[in-house]
Amino acid sequence: MVAVRFGLLGSFVVEDVGGTPRQVGTPKARALLAVLLLRANAPVSWDTVKTAIWGESVPATARASLHNHVARLRRDLDPGCDGAAEDQGIDAPESRIQVTPAGFRLRVLDDELDVTRFDRYISRARTARLAEDWTAVEELTGAALALWRGAPLSDVPLPDSEREPFVRRLEEARLQVLEWRYEADLHLGRHQGIAAELAALVAAHPLRETFVGQLMLALHRSGRPADALLAYDTARRTIRGELGVDPEPGLVELHRRILTLDPALTAPQAPAEPLPLPSPSHPVRTDADPPADTHPVPHQLPSSPADFTGREQELDRIVGELTATDRPGGATVLVHRVSGSGGMGKTTLMVRAAHQIRERFPDGQIFLDLGGMTTMPMSPENALGLLLRTLGAAPEEVPGGLQARSALFRSLIAGRRMLILLDDAGDAAQIRPLLPGAAGSAVLVTSRRRLVSFPGVRIDLGALPDDAAHRLLASIVGEDRVAARPAATEEVLRACGGMPLALRLAGSRLAARPAWSVQDLAQRLTSHGRVLRELYADDLHVRTALQMSYELLLQESTARTGPARAFRLLGLMPSVAFGTEAAAALLDCDEMSVEDWLEALVDAHLLESPAPGRYQFHCLLQELARELAEETDTAEERTRAVERLVLWCLRGADAATARLAPSARRVPLGPDPRRPVTFAGYDEAYGWSEREHDVLVAAVSLAHETGLYAQSWSLAASLWAYVRLGRNDDWLSTHTVGLAAARALGDKRAEAWMLNGIGNQIQQAGRPAEAITYFRRALRLHEGVRGRDAELSSVFNNIGTCFTDLGDHEPALHHYRESLAWDPKSCATLNNTAHALSHLGRHDEALDVLDRAEEIQRATHDRVSLAIGLRVRGGVLRAAGRPAEAVEAYRRALALQRLGGDQHSEAVSLMGLGDALADLGDKTGAESCWGKALRWMERLGDQGRTVELRKRLEGAATP
């Protein structure tokens with residue numbers, strides 16, 4: 001049984017003793033291995049395994065599926081095992097995984113599992129602590145903590161019932177180890193530098209009093225007794241608030257001793273740090289001279305395209321590495337591999353590179369198509385048979401069995417300088433036995449999977465850059481035809497998405513049809529649902545090239561579950577980058593499983609990951625996914641998937657509005673059957689909106705196109721609080737689509753809501769007169785309909801603000817009064833009324849109106865509206881020549897806005913406070929307020945106020 005290292009203390013790791021990772025098949029195979037590792041060397045029943053992997057929905061084929069997973073795991077963990085025996089369910093005596101009628105048993109050797117080593121270090125640390133051998137405690141706890149790489153089993157799809165007891169035990173053990181480690185540090189006098197680490201632990205575990213005491217002692221010994229006492233006071237209030245009791249007596253006594261400066265708390269003398277051991281020297285070895293060339297010299301490389309275009313940087317990297325100075329004899333063979341989706345030009349690139357460097361490999365060049373993406377990929381044993389024959393072995397000299405063939409291959413190629421190109425590898429297990437054992441030769445590999453477990457250059461091929469794609473198309477079609485229709489050429493390039501195969505096939509069809517113009521091709525490619533049908537020539541089809549990767553998914557799961565289903569339904573996403581949460585909503589699955597599927601799709605190059613946690617389709621792969629969804633999934637399933645995504649967007653946008661604009665009107669959504677979306681504050685809501693911006697905006701149109709009209713306009717309305725913060729284009733586009741959806745729905749109230757929103761956008765864009773026409777159209781839709789008092793009040797108020805922007809304060813005041821006639825307690829309108837009265841010189845009336853508004857605001861606990869009212873009060877007081885009182889009003893407004901987290905309103909108040917301080921002659925204070933407000937306005941995209949603030953600061957800087 002080959003020794004393997006298993007890691008559960010963090011992401012799931014399986015590697016050989018040298019540290020080279022081993023690829024463990026599908027997510028379910030990883031889950032099976034994890035379940036067995038949790039009970040290493042102990043029997044595990046069939047029912048336990050099935051429940052752990054499938055939960056309550058165990059399929060009828062579970063037993064057969066488990067046999068398949070076990071067979072593959074055996075091959076992954078021990079490449080030399082007997083595959084034929086495995087496939088028949090026969091257990092070899094030395095099999096790592098034993099299968100019996102009762103269940104399974106995984107054999108794990110000493111030190112193979114990191115959890116076992118972790119527990120062993122803890123046991124030894126406990127013994128050392130009892131003996132007060134603090135140096136040993138420090139060493140043993142350090143060794144235990146070094147094994148911890150993150151949340152245990154963070155990337156394995158196990159149900160909570162299986163994972164949580166294991167995780168809880170280990171996390172508690174880790175905290176215990178941390179306590180012992182810091183206890184040892186303090187006993188050894190190593191208190192310098194640990195206070196920051198302990199403060200972070202106290203913040204994460206405020207009720208764990210041992211950390212609090214250690215933090216207090218570390219701070220005290222570092223000359224910070226005041227901070228130590230503050231740490232105690234904070235902990236005491238937290239413990240009382242959470243548990244209703246005082247801290248434990250030991251902590252209280254430590255507090256007393258710090259207060260009295262007890263000399264016994266003085267740190268002991270720290271022992272000297274141990275010197276690092278010198279690194280052993282390694283003598284350089286050189287190989288013997290290679291034997292004389294008595295073997296056949298193969299030259300099997302395919303021809304390289306004469307019009308090779310693009311990929312120059314990748315080509316230079318591969319060639320440069322292989323033409324560098326020879327490595328020391330005995331160095332590990334470097335495996336240069338290129339991965340990417342079908343049609344990205346992997347083979348073309350590698351063949352080109354091989355031709356450029358073939359002179360450096362005088363003993364021959366071998367090309368072997370492994371058929372990794374076909375339904376019957378070449379087995380490593382058969383591949384070795386072909387390689388051995390190529391190297392000159394007679395048929396009768398080729399042994400049977402993988403290990404014997406691999407050993408003979410390494411023997412025959414040793415001492416030769418050969419270049420081997422392994423094309424279309426299925427996985428690492430397929431190519432590992434085909435690698436030479438000694439330096440001198442080079443191996444180039446192409447695959448649709450990312451092969452990460454080998455040293456050497458690894459390149460992931462994506463789309464060609466725009467200029468290279470243009471050059472490739474022009475080289476096939478002719479520069480004159482391309483230049484004659486530049487706009488149509490751009491459409492063709494966009495439809496092909498920079499995929500070399502698509503560009504070659506599109507160009508070949510056009511070159512073969514002199515009567516066609518580039519515009520004719522562009523129209524065919526951009527017609528709905530035709531792009532994949534048009535990208536073919538002779539026996540080459542883009543869809544066939546792409547679909548091979550999807551077919552491989554079907555071998556690892558079923559069409560109705562797992563990555564295959566995820567690939568199809570995710571094609572219904574808007575053509576933008578999306579996150580795991582959005583994908584989980586669309587697929588109606590838990591995020592952990594979905595993340596596994598997404599990563600599996602990335603590894604298969606069916607999905608791209610432009611940033612951590614973000615995913616995006618290549619345009620042609622998304623078209624394939626949509627076609628497959630139409631062929632496989634019902635119309636109802638597709639509509640429900642889109643509806644789930646839109647509802648997730650809608651719930652999130654509504655929850656964000658509650659933080660970004662707490663007093664704003666919100667579309668009634670009804671109860672949420674799923675876990676409600678919430679945000680802790682303004683920053684979290686704004687960050688989520690920024691992160692999901694592309695999906696949120698595109699989902700408005702997606703809902704409209706799918707016939708989800710009510711959700712379309714509701715989402716547009718719910719995005720208002722976010723898009724108003726400097727995203728005017730999105731504001732207008734979402735509300736325009738929302739307006740069309742409302743009209744398709746025949747909902748006059750929804751139509752008025754959208755018109756009101758568009759009017760707001762036009763007003764904020766600096767066109768108040770135009771905005772009034774939209775507000776008046778909204779008023780007409782509300783006329784004669786009961787129950788819309790608040791909405792009518794809102795529209796009249798908006799018209800009033802337009803007149804205020806126009807500087808016409810009498811009509812503004814008239815409309816504010818109309819608004820109050822429909823809703824006398826509208827604090828927003830009362831605040832605006834006071835603003836208009838102040839501009840008309842009626843300051844005392846304005847203050848009376850603000851007093852009335854404040855009375856309502858305090859009675860209803862409307863802190864947001866009260867803060868706005870205080871800001872207006874500051875402006876009224878400034879206009880009345882009372883700047884000192886204005887400063888006080890602005891400061892009260894800021895205090896409320898900081899509690900609520902409304903950063904835009906806070907920035908407006910800072911701007912007003914700066915003006916009031918300038919009135920008082922406090923230039924420094926005014927510039928400070930304006931500078932802070934400017935930074936907020938620039939971040940939030942308020943261009944108008946950004947310009948005003950810059951003018952104020954420039955004026956203040958002028959002598």
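These notebook entries record what I looked up in one protein structure.

**Entry 1. The model**

I note that the model is predicted, so that local features need pLDDT of at least 70 and side-chain atom pairs count only at pLDDT 80 or more, whereas totals for chains, interfaces and linings use all residues. Residues are numbered from 1 along each chain as its sequence is written, and side-chain values use heavy atoms, with hydrogens and water left out.

**Entry 2. The whole protein**

I looked up the secondary structure and found 44 helices and 15 strands. Helices (H or I, at least four residues) and strands (E, at least two) are DSSP runs, numbered from the N terminus. The C-alpha trace spans about 110 × 95 × 65 Å along its principal axes. Of the 959 residues, 50% count as buried; buried means under 20% relative accessible area, exposed over 50%, and partly exposed in between, with a 1.4 Å probe and protein chains only. I then turned to contacts, which means heavy atoms within 4.5 Å. Among contacts between residues at least 6 apart in sequence, 65% join residues at least 24 apart.

**Entry 3. Helices H42 and H43**

I examined helix H42 (residues 903–919) and helix H43 (residues 923–940), which pack at an angle of about 155° with their axes 8 Å apart. Axes are lines fitted to C-alpha atoms, for helices over the stretch in contact, and angles run from 0 to 180 degrees between N-to-C directions. H42 and H43 are therefore roughly antiparallel to each other. In these terms, angles under 35 degrees count as roughly parallel, over 145 as roughly antiparallel, 65 to 115 as roughly perpendicular and the rest as oblique.

On the H42 side I listed residues including His904, Met911 and Leu917, and on the H43 side residues including Trp930, Trp936 and Arg939. By class, the contact of H42 with H43 has 14 nonpolar, 4 polar and 3 charged residues. Here Ala, Val, Leu, Ile, Met, Phe, Trp, Tyr, Cys and Pro count as nonpolar, Asp, Glu, Lys and Arg as charged, and the others, Gly among them, as polar.

**Entry 4. Strands**

I looked next at paired strands; two strands pair if DSSP finds at least two bridges between them. Strand E3 (residues 43–45) and strand E5 (residues 103–106) run antiparallel and are joined by 3 bridges. Ser45 has Gly103 in E5 as its bridge partner. Strand E4 (residues 97–100) also runs antiparallel to E5, with 4 bridges between them, and Ile97 is partnered by Leu106 in E5. I recorded E4 and E5 as a hairpin with 2 residues between them.

I found a further open sheet of 3 strands, in the order E13-E15-E14, with antiparallel pairing. Its edge strands are E13 (578–579) and E14 (608–611), each of which pairs on one side only. E14 and strand E15 (residues 614–616) pair over 2 bridges, and Ala611 stands opposite Arg614 in E15.

**Entry 5. Two residues**

Is Ala778 buried or exposed? I found that Ala778, in helix H35 (residues 768–782), is buried, with a relative accessible area of 0%. Leaving aside neighbours within four places in sequence, Ala778 is in contact with Ala752, Leu755, Asn756 and Val795. I also noted that Ala778 and Ala404 are 374 residues apart in sequence and 83 Å apart in space, C-alpha to C-alpha.

Gln761 is found in helix H34 (residues 748–764). Gln761 is buried, with a relative accessible area of 5%. Not counting residues up to four places away in sequence, Gln761 touches Asn728, Trp731 and Leu732.
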